[in-house]
Each structure stands twice: as structure tokens, then as C-alpha cells.
Amino acid sequence: LSLYLVFFPISFRFLFKTLQLKETYLLYFIFPFTYSFMFYYGFYNFHIGLVFFFLTLGLWSNYSKTGFNAKRLIILLLLSLVILFSPLFIFVMLVGVIGFLTLVSAVTQLKAGERIHKSSMIGLITFIPGIILTLIYIANHPVTGGTPTYFSFSDLWLMIQQVQPTKGVNYGKEGVFTKWIFILLVIITCYLLIIRLKKFNTLPKESTLTWCGISLLMLLCLFILPDSTTGSVGFISSRFTLFFFLFFLLFLATQKFPIWIKVISF
């Protein structure tokens, strides 16, 4: 448990540095998410998987820029298998995010009239063994089916408004502090919207669109997919809520903010 609490912020910082995100003060937002209520409930495999998730995502982003070799491919293969045997949910998220990043990169290169770089495609090969094992597992285990359980729209919105992943067990007292986190994120988002309206004719950076798109996909999954099904995994909504906020922080870090926002944030 201590290893998770130490290395979860470090792995998230590693991804920040790999992506060369300049607004590093947003890194400090990761600390409220370490002691989530899912951590108190005992989802230890899930949280250990988060450490390897951000580590693998950071390494893949680095290797896709600098090139792959046999050693790097083996490292990614081993990490993907470690993630696969923690929670399957984390592995599916990893493959989905890396697939999305690869697709965005390929489309950008085609629009620029360039050839698609083979390096990122080669990196995807390392996830094939994990994908095969996932398909075998799904074929032999009832991971789908049963009666789905859905939260209402108001309940899901409340999870976002209360920043549920930052809450522990005492919801009454902790809700006061998590509410301030939500208000702060709203202030930052409103500032970005105002700046975007002023620069309406200027296209956002590729990294901005990418992480904004991923965070919106997490939000869409939160409102569409069931929270659980009988005989299957549960707390799906809580997992997507956590990933939404973490990817939203990555999106915010692609922007530039004035000093007054940084002061308020601290």
C-alpha cells in the first residue's frame, strides 16, 4: 500500500515529463486522488495497475518519439503483461488510449502530407499477446451479461461535482474539501473557454485536442456504460470518473495559465 502511495504520483509525474507538459504545478492535483474511496474499499490491484498504467504510457510516448528497439519492445511487453494480470480494466484502458494516440498521430501526419511513422505502429505489436490473452479470458469467463445497473444522470453528475475519486469514507466532512477542488477546476475551465473564444480563429495544439478528446471519451463512457452487471465487475462508474479527472488534468497541463490561477490553485 505504501508503494502505491509513493509511486502513483511519481508515475503520473513521469508521464507529465515525458509529454513535456509545461504547467507542472498541476502535478500537485494528483495528491488528493491517491487516497480515493476505492483505495479504502480495497481495490489494491486496480491502484497498483494505475502505477504501471502511467509508467507504460509514459515509456510508450517516449519510445514512439525516439524509436523502438528490441530492448524497449521487451520492456513494453513485460509491462503490458503485468498490467493485464492486475486488473483487466486497466489493460483495456491502456490499449484504448494508446490506440487513440496512434490514430490521432496517423491522421495528423496524413493531413500534413507526410508518411505515417512506422515506429508507433511497431510499438503496438507489444500489446498483441495481452490482447490475445484478454480474448481468451473473455471467451471463458462471464465478464459480460447479467442485469446491468445504471446510475441516474443526477447521481453521475454528483460524482463529478463532488470529485468522488478524491473522497475517502467520511463523505460529510470530506465533501467540503472536494467541493473546492471542483470549484477550482471549473474556474480554470472557464478561463480556458474565454481564451478559446478570443482565439477562435487559431487551432489548438495537437496535444490539447488529444487529451481533451480522451477525457471527453471517459466522460461519455461514464454516462453510457452501466456501473455493474450481476456476476461481473462493479464500480465501473467510479473507475471512469477517476480516469476522466486524471486525463482532464493532462489536458489542462497543455495550456498556459496566468500567475493568479496558479496562486489560487496552490
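In the predicted model, threonine 254 is in contact with Leu21, Lys205, Ser207, Thr208 and Trp211, leaving aside its neighbours within four places in sequence. Threonine 254 is found in the loop between helix H11, which covers residues 236-252, and helix H12. The residue is buried, with a relative accessible area of 7%. Its C-alpha atom is 9.9 Å from that of proline 204, although 50 residues separate threonine 254 and proline 204 in sequence.

One of the contacts of threonine 254 is Lys205, which belongs to the loop between helix H9 (171-198) and helix H10 (206-224). Lys205 also takes part in a positive surface patch, together with Lys22, Lys199 and Lys256.

The largest contribution comes from H9, with five residues.

Threonine 178 is located in H9 and has a relative accessibility of 3%, so it counts as buried, the limit being under 20%. Beyond its neighbours within four places in sequence, threonine 178 is in contact with Gln162, Val163, Thr166 and Lys167. Isoleucine 194 is likewise placed in helix H9, and its relative accessible area of 47% makes it partly exposed. The C-alpha atoms of isoleucine 194 and arginine 239 are separated by 30 Å, with the two residues 45 places apart along the chain. Isoleucine 195, also in H9, counts as partly exposed at 25% relative accessibility. Isoleucine 195 lies 30 Å from asparagine 62, C-alpha to C-alpha, and the pair is 133 residues apart in sequence.

Two residues that are not glycine have a positive phi. Most residues other than glycine have a negative phi. Valine 163, which is among the contacts of threonine 178, has a positive phi of about 50°. This valine lies in the loop between helix H8 (153-161) and H9. Valine 163 is buried, with a relative accessible area of 0%. Glutamine 20 has a positive phi of about 60° and is not a glycine either. The loop that contains glutamine 20 runs between helix H1 (2-18) and helix H2 (37-41). Glutamine 20 is exposed, with a relative accessible area of 63%, whereas valine 163 is buried.

Leucine 59 is placed in helix H3, which spans residues 44-66. At 13% relative accessibility, leucine 59 counts as buried, because the value is under 20%. Not counting residues up to four places away in sequence, leucine 59 touches Phe14, Ile75, Leu76 and Leu79. The C-alpha atoms of leucine 59 and isoleucine 183 are 33 Å apart in space, and the two residues are 124 places apart in sequence.

Serine 80 is located in helix H4, which is made of residues 70-84. Its relative accessibility is 0%, so serine 80 counts as buried. Apart from neighbours within four places in sequence, serine 80 is in contact with Phe91, Thr126 and Phe127.

Conventions:
Residues numbered from 1 in each chain as written. Predicted model: local features only at pLDDT ≥ 70, side-chain atom pairs only at ≥ 80, totals over all residues. Heavy atoms only, no water. Patch = residues over 30% accessible without salt bridge, like charges linked within 9 Å, V, L, I, M, F, W, Y side chains within 5 Å. Areas by Shrake-Rupley, 256 points an atom, 1.4 Å probe, with all protein chains shown as cover. Salt bridge = Lys/Arg side-chain N within 4 Å of Asp/Glu carboxyl O. Lys, Arg positive; Asp, Glu negative; His and termini not counted. Charge placed at Lys NZ, Arg CZ, Asp CG, Glu CD. Helix = DSSP H or I, 4+ residues; strand = E, 2+ residues; numbered from the N terminus. Buried < 20%, exposed > 50% of the residue type's maximum accessible area, 1.4 Å probe, protein only. Contact = heavy atoms within 4.5 Å.
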